[in-house]
Amino acid sequence: GLYYLSTGRGARLLRHINISGCLQLTTQGLQTFARGARHLKSLILNDLFTLEDDAFSELVTRTGRIEHVSLLNSGSLSNKGLMAIQHCHQLRMLHLSHNLKITDTFGPLAFRKCVMLSHLTLADCANIGDRTIKAISTLHHLQTVNVSRCAGVSDIGIRLLVDGPSG
């Protein structure tokens with residue numbers, strides 16, 4: 001499946017892929033797929049507990065046109081892998097709920113170049129706090145932000161968000 005798509009014959013026109021919950025997916029398979037998915041705009045990888053940082057990084061950097069990424073409950077993904085988000089200059093929607101390895105250090109670096117971001121979900125990311133909120137508060141196109149059950153987000157962080165250019 002993914003090998004065929006990586007040859008370019010099958011993925012030439014592929015714009016959206018949802019491989020949520022595919023437990024058989026390997027890092028090598030995802031990296032192989034990344035080689036042929038240059039025009040991908042929407043990437044849904046929910047409930048992939050074995051998704052590794054290197055595989056996600058390669059996929060995102062090779063497909064620089066991505067506008068929508070959903071990584072709900074991708075337990076192995078950490079700040080290192082998510083730093084690849086900074087290469088998604090056209091990113092409009094990012095959903096990262098239930099990712100416990102993401103910390104507040106990732107936000108200020110990753111969101112710096114995501115200037116088109118309009119929808120962001122970080123619900124249940126327990127290690128996200130005001131540093132990340134401060135980073136996203138500078139984004140001009142932001143319309144929807146969900147930081148529910150993020151214990152590190154304080155009233156000060158919410159005030160930064162509300163007073164920012166999208167507030």
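Two strands pair if DSSP finds at least two bridges between them, and the elements themselves are DSSP runs numbered from the N terminus: helices are H or I of at least four residues, strands E of at least two. The legends below describe a predicted model, in which local features need pLDDT of at least 70, side-chain atom pairs count only at pLDDT 80 or more, and totals for chains, interfaces and linings use all residues. Residues are numbered from 1 along each chain as its sequence is written, and side-chain values use heavy atoms, with hydrogens and water left out.

**View 1. Strands β5 and β6 run side by side in parallel.** Strand β5, residues 119-121, is joined to β6 by three bridges. Look for Leu120, which stands opposite Val145 in β6.

**View 2. The open sheet has six strands.** Their order is β1-β2-β3-β4-β5-β6, with parallel pairing. At the edges are β1 (16-18) and β6 (144-146), each pairing on one side only. From one strand to the next, the twist averages 5°; here axes are lines fitted to C-alpha atoms, for helices over the stretch in contact, and angles run from 0 to 180 degrees between N-to-C directions.

**View 3. Ser154 sits in the loop between β6 and α7 (155-163).** Is Ser154 buried, partly exposed or exposed? Its relative accessible area is 27%, so Ser154 counts as partly exposed (buried means under 20%, exposed over 50%, partly exposed in between, with a 1.4 Å probe and protein chains only). The side chain of Ser154 makes a polar contact with that of Asp130, at 2.4 Å. Such a contact is a pair of N or O atoms within 3.5 Å; within protein, one must be able to donate a hydrogen and the other to accept it, and residues adjacent in sequence count only if both atoms are side-chain atoms. Gly129 is 25 residues from Ser154 along the chain, and their C-alpha atoms are 7.4 Å apart.

**View 4. Leu142 lies in the loop between α6 (130-136) and β6.** With a relative accessible area of 8%, Leu142 is buried. A separation of 8.3 Å lies between the C-alpha atoms of Leu142 and Gly167, which are 25 residues apart along the chain.

View 5. The largest cavity holds about 60 Å³ of space. On a 1 Å grid over the protein atoms alone, a cavity is a set of points where a 1.4 Å probe fits but cannot get out, and lining residues have an atom within 4 Å of a point.

Methods
On a 1 Å grid over the protein atoms alone, a cavity is a set of points where a 1.4 Å probe fits but cannot get out, and a pocket is an open set with protein on both sides within 12 Å along at least five of seven lines; lining residues have an atom within 4 Å of a point. Grid points are joined across faces, edges and corners, and a volume is the space filled by probe spheres set on the points.
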